[in-house]
Amino acid sequence: METITVTLKNGSKYELERGKPISEITRDLPQNPNLPFLCAQVNNEVRNIDFRPEMDCTVEFLTYQTSEGRDAYRQSLAFVLARAILELYRNARLIIGHSIGNGFYYDLHTDVPVSDTILGYITEKMKTIIEKNELFDKKTLTRTEAIATFKKEGYPEKARLIQNLNADQVGVISCWKYLDIDHGPIVPSTGFLKVWSLKQYASGFVLLFPDQKNPAEPSTIFDQPKIFSVYRESKEWGKILEVNNVGRLNACIQNGEISDFIKVAEALHEKKIGQIADEITRRKDVRIVLIAGPSSSGKTTFS
């Protein structure tokens, strides 16, 4: 049978039958039980660990200690969370908000508010899915097929996102009846996702990922009320403008409405600056105002 040569980062070489997944090589490699291989860098491109190369290549297997490995773990775990909620609450709406510490904040819209009891049900369902070690099914559809599939399955926002995608083909991931767009490498199966926790926070909850220093334990929540309130306000602005995701933003651009969108967003921003100025003048003890933010975030303009 025709073989290809796979060269690992340490220089060792393996012969692999053409068309076989690179995961076969991992059987001969030592692994830390708490740090399994989650994905791989093949010729400088991050791939799923079941990637099937057609020619000689260099491969580095990645664990949770790498940023790429953490991305694969987080995306896979978020998928399992969404699937668990679909199984438990068919008519619920799960909305991912933003990152908070080493976790993702979610709003869950159901008939009853989020509580420790609700999170307990979701936790048990996720554990069941993970214990079954189910494979993630990956396939490629044409853009037309993907749009039709997501509309049929009741995911209009995903269909809207694909509609303006600059690609003829779309990767789709499925596990049970839940579907999602392929946004990048994921772990081979649900059994890789053993460390996590759900914690109630504000009106929603946080999906916490493994601690980076101790991957055998889930992270803890570091309360950041000011940053959290800023994120929440940003989401509220999105609702007011009826552009609360990338798919709707793309549609706004395509329909020629982006100029009005920008003007309204700037008006809301100016209103907020006025409120900040009012607060400063009310507080007679304020002697200095500090402005913090990453590079190119608008600190100088704001000043």
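## Strands β9 and β10

Strand β9 (residues 169-175) pairs with β10 in the antiparallel sense, over four bridges. Two strands pair if DSSP finds at least two bridges between them. I173 stands opposite D180 in β10. Helices (H or I, at least four residues) and strands (E, at least two) are DSSP runs, numbered from the N terminus.

This is a predicted model: local features need pLDDT of at least 70, side-chain atom pairs count only at pLDDT 80 or more, and totals for chains, interfaces and linings use all residues. Residues are numbered from 1 along each chain as its sequence is written, and side-chain values use heavy atoms, with hydrogens and water left out.

## The three-stranded sheet

β9 and β10 belong to an open sheet of three strands, in the order β8-β9-β10. The pairing is antiparallel. The edge strands are β8 (137-142) and β10 (178-181), and each pairs on one side only. Neighbouring strands of this sheet are turned by 30° against each other on average, direction ignored. Axes are lines fitted to C-alpha atoms, for helices over the stretch in contact, and angles run from 0 to 180 degrees between N-to-C directions.

Helix α3 (residues 143-152) packs on the sheet and touches β8, β9 and β10. Contact means heavy atoms within 4.5 Å. The direction of α3 makes about 115° with that of β8. Helix α4 packs on the sheet too, touching β9 and β10. Its direction makes about 25° with that of β10.

## Helix α4 meets helix α6

Two packed helices are described by the angle between their axes and the distance between the axes. Helix α4 (residues 156-163) and helix α6 (residues 246-254) pack at about 45°, with their axes 8 Å apart. That angle makes α4 oblique to α6. Angles under 35 degrees count as roughly parallel, over 145 as roughly antiparallel, 65 to 115 as roughly perpendicular and the rest as oblique.

α4 passes α6 in a left-handed crossing. A crossing is left-handed if the near helix is turned anticlockwise from the far one by less than a right angle, and right-handed if clockwise. On α4, the contact is made by E157, R160 and L161. On α6, it is made by V246, G247, R248 and N250. By class, this contact has two nonpolar, two polar and three charged residues. Ala, Val, Leu, Ile, Met, Phe, Trp, Tyr, Cys and Pro count as nonpolar, Asp, Glu, Lys and Arg as charged, and the others, Gly among them, as polar.

Five strands form an open sheet in the order β2-β1-β5-β3-β4, with mixed pairing. Its edge strands are β2 (13-17) and β4 (45-48). Neighbouring strands here are turned by 40° against each other on average, direction ignored. Strand β1 (residues 3-8) and strand β5 (residues 57-62) run parallel, joined by three bridges. T7 stands opposite T58 in β5.

α1 lies across β3 (39-42), β4 and β5, at about 135° to β3. Helix α1 (residues 67-88) also packs with helix α2 (residues 116-131), at an angle of about 115° and with axes 9 Å apart. This crossing is right-handed. The contact of α1 with α2 divides into eleven nonpolar, no polar and three charged residues.

## Aromatic pairs

The structure holds eleven aromatic pairs. Rings of Phe, Tyr and Trp (its six-membered ring) pair if their centres lie within 6.5 Å; planes under 30 degrees apart count as stacked, over 60 as edge-to-face and the rest as tilted. One of the pairs is Y105 with Y201, edge-to-face at 6.4 Å centre to centre and 75° between the planes. It links distant parts of the chain: Y105 in strand β7 and Y201 in strand β11 are 96 residues apart.
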